[in-house]
Amino acid sequence: MRKPVWPPLARERVHFVGQPVAAVIAESAAAAADAAELVQIEYRDLAPVTTLADALREGAPQLHAEAPGNLAFDFESGDAAAAEAAFAKAAHVSRLTLRSQRLVGNPMEPRACAASHDAGTAIYTIYTPTQGVNGMRGALSALTNVPRERLRIVAQDVGGSFGIRSPAYPEHAVVMAAAKRLGRPVKWVGTRSEVFLGDNQGRALELTGELALDATGRILALRWDHVANLGAYATPFGAWVGTRNLTVTMGGVYRIPVLYGRARCVYTNTAPVSAYRGAGRPDIAFAIERLIEYAAAEHGLDPIEFRRRNFVPAEAMPYKTANGTVYDSGDFAAVMDDALARAGHAGFAARRAEAAARGKLRGIGVAAYLEAAGAGAAPKDQVRGRFGADGFLTVWTLTQSGGQGHETTFAEIVASGLGVPIERVRIRASDPEADLVGSGVGGSRSLAGCGSACRVLADRIVEQARPFAAEALEAAPEDLEYARGAFTIKGTGRAIGLFALAERLAGPTPHPLDALGEGTFGATFPNGCHVAEVEIDPDTGATRIVRYTAVDDIGTVVSPALARGQVHGGVVQGAGQVFGEQAIYAPDSGQLLTASFADYPMPRAGIIERFDVHPHPVPTGTNVLGAKGVGESGCSGSLPALANAVLDALRPLGIATLDLPFTPARLWEAIAAARGRALSRRAHAPQV
Amino acid sequence: MAKVAMTVNGKAVALELEDRTLLVDALRDALGLTGTHVGCDSTQCGCCTVHLDGRSVKSCSMLAPQADGRAILTIEGLAGIEGPGSGDALHPVQQAFTECHALQCGFCTPGMIMAAAGLLAENPAPTEEEIVHALEGNLCRCTGYVNIVSAVQRAAELMRG
């Protein structure tokens, strides 16, 4: 891979609007802003490239000498020759290009960091919201060449992450350097404008799919050609999004004998792209389900029956896809049937007719999605339980909640595993002194990974406590049984509670009952079927999401309320992408035109009028909880379900595809153009 | 420099501030009331919502000197103002947000709660449409708003008793 250096402050060339060029340190933010006004930089304009088409054009301006043609690399997965052969014998072929437009992650808390440097120990202490202290420590070490052991990272409450908080940023390095030079703590708090311009952005993918069918509507092969916009520099996750995450589940829920995907990753003069809620997995789920719906319409197949005919059957699990991914479990037909029943799919025709009578275009969209979650970069996941003098069990984790509610879910897992009240268990992330091994938040994996380690921890504590309990009760360890938070001598009423035992043993550090929970937990495949119903006003192009049904196989559900909240948030984030959000760079100047909430329409309250969420768990065997993960399933389902619903509403007008986002202006123009075509056809029809 | 005398959460405060100081910065930096958050710089997100003489306002879009002689209520002062006496009791809107799982990361929550409390002070029995309309100026990236709307309905129930 051709990967140019990304300096914390631009040297010689500025590669994107928003790239830091100078730093001003002052006693207050206002004074620094005043002083920044005095910085004068003379820029010589160079021709920018902002779009994929521009970047790949012959003779396009080159961003980096290391990357001729602006190409970071060309990637492939699957069997190109087998795909060629399958397409040659296909009875039907459908081809569709889809764009998952560039987005701004926009967690509500802007990025920030504060650093201090201890000249005596040469240790930096860095406060920053992140998705995991271990990952941040490694990323900052790589960025600054400061050894990991000299970086103490503290992350407490994190105001939303969505992927953008994984990597280290230029501001971290600048603040660290300033703190060392000045011998004082230095803080930077980003504004929303800096979030828009300087945070890593998301999506920015163009996906072209081709589906080969036999005469009976069975899928013979699926072939993809992707182009991923990395932005001006390669972030640690940018290429991962555009390659591995687009191809690992490129066949979705379908049994497809031949799969092939190609991906090219391209540099442009735009903010660097990184993981954003799903990091390529919602994008490929969107593309698959749009292509399935498009192909069904093109070849006159019932889209539901077409899906059913091609699903990987439950009895084929575990199922190895044509490019080597192993789906461990899933019952896609049952999940779809559940969703269709709950969504009142059978009664839709009447609702469409009723809407038509009011002059509205109503559409229904189905999406049977699947995504890959669970596997982390670290070799295993560890959590540490410590019994404190305060009578609590404190469990330290590496995965950092940014609103997912780990404090509740992990405490439930440990407390139920020990049979003690949840109030006695406290979850803490980001122990700055911890030497734990494990991954941070990302890929919907915290429950499967860290949550499983919490379950293991509970068992470890019980086994570690048993000999001490035996001593306290003056019994043999094997004569004890453990239940409801206490050891009891079998057949007697003599017992000692876990916390009473912990109190008895208090004194030495570490406490004798302190334990490590750990394990290596594999990938999971959250899947589901979402059904969206929309109503478009043809006079304004405005869309109402009148009904939304999400049925998700997220495996075993630990905290139903929290899981439902994740689905709500994920679905609405997808709705934001489908109906409004897009980061637009001016092609001639490279300026970001949508750089505030006034220009970038975030979803607002009430966007979905009737919203039903139902789990349909098929537990996985790849971790001890049976959980599959829920963080990103929402948008993996809602991108295709909502897009299919809009296209279903527009299909009677002869509109077969349309680029996201479906803003009122775009829909109004498409409807007006389609009606214009219809009118002109009528005008040219022979008079009788 | 401007002298600003105002009541914040029931207590009289007197501050000397640069004329250009925004109310939100005065609350956070001069008074240490960091429960009021700053989520944008264009008056769009509503994270900084507080009450000014009982009505919800965005504290990023007024200068601190404009609050001279006025009464400000922030999220820190909300608990205990409803119901008899207890300063520890959560405000019904806070209680409802807890019951309904109406927050995830929590960054928008102080502003959401102040906006919702402002709505319910003016309209004790809002329809779902009125709630959605009242929260139009408050952004949340985590919850999809579903449980926030439910919480405002629940708070209205709690306040009606």
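Author: pLDDT is the predictor's confidence in each residue, from 0 to 100. For chain B the mean pLDDT is 95, and 96% of its residues reach 70 or more. The complex as a whole gets an ipTM of 0.96 and a pTM of 0.97 from the predictor. This is a predicted model, in which local features need pLDDT of at least 70 and side-chain atom pairs count only at pLDDT 80 or more, while totals for chains, interfaces and linings use all residues. Residues are numbered from 1 along each chain as its sequence is written, and chains are lettered from A and ligands numbered from 1 in the order in which they are written.

Reader: Thanks! How do you know whether R547(A) is buried or exposed?

Author: By counting. A residue is buried if 20 or more other C-beta atoms (placed from the backbone) lie within 10 Å of its own, exposed if 12 or fewer, and partly exposed in between. R547(A) has 21 other C-beta atoms within 10 Å, so it is buried. R547(A) belongs to strand β23 (residues 543-553) of chain A; helices (H or I, at least four residues) and strands (E, at least two) are DSSP runs, numbered from the N terminus.

Reader: Which residues does R547(A) contact, beyond its neighbours within four places in sequence?

Author: They are E533(A), E609(A) and R610(A), where contact means that the C-beta atoms of two residues lie within 7 Å. There is also F611(A): its C-alpha atom is 6.0 Å from that of R547(A), although the two are 64 residues apart along the chain.

Reader: And what makes N145(A) and D53(B) buried or exposed?

Author: The count again. N145(A) has 8 other C-beta atoms within 10 Å, so it is exposed. D53(B) has 12, which still falls under "12 or fewer", so D53(B) is exposed too. Each residue also has a positive phi without being a glycine: near 65 degrees in N145(A) and about 50 degrees in D53(B). N145(A) is in the loop between α4 (133-144) and β6 (151-154) of chain A, and D53(B) is in the loop between β3 (49-52) and β4 (55-58) of chain B.

Reader: What makes a set of residues a nonpolar core?

Author: Its members are buried Ala, Val, Leu, Ile, Met, Phe, Trp, Tyr and Cys residues, joined through C-beta atoms within 7 Å. The largest such core here has 242 residues, and V414(A), L457(A), L642(A), V646(A), A116(B) and I148(B) touch the most other members. Helix α14 (residues 446-473) of chain A contributes the most, 12 residues. In chain B, A116(B) is in contact with V93(B), V152(B) and A155(B), leaving aside neighbours within four places in sequence.

Reader: Why are β1 and β2 of chain A said to stand at the edges of their sheet?

Author: Two strands pair if DSSP finds at least two bridges between them. The open sheet runs β1-β11-β10-β9-β2 (chain A), with mixed pairing. β1 (71-78) and β2 (92-100) each have a single partner strand, so one side of each is left without a neighbour in the sheet.

Reader: How many residues meet between chains A and B?

Author: 29 residues of chain A are in contact with 27 of chain B. On the chain A side, α16(A) gives the largest share, seven residues. That side divides into 12 nonpolar, 13 polar and four charged residues, where Ala, Val, Leu, Ile, Met, Phe, Trp, Tyr, Cys and Pro count as nonpolar, Asp, Glu, Lys and Arg as charged, and the others, Gly among them, as polar.
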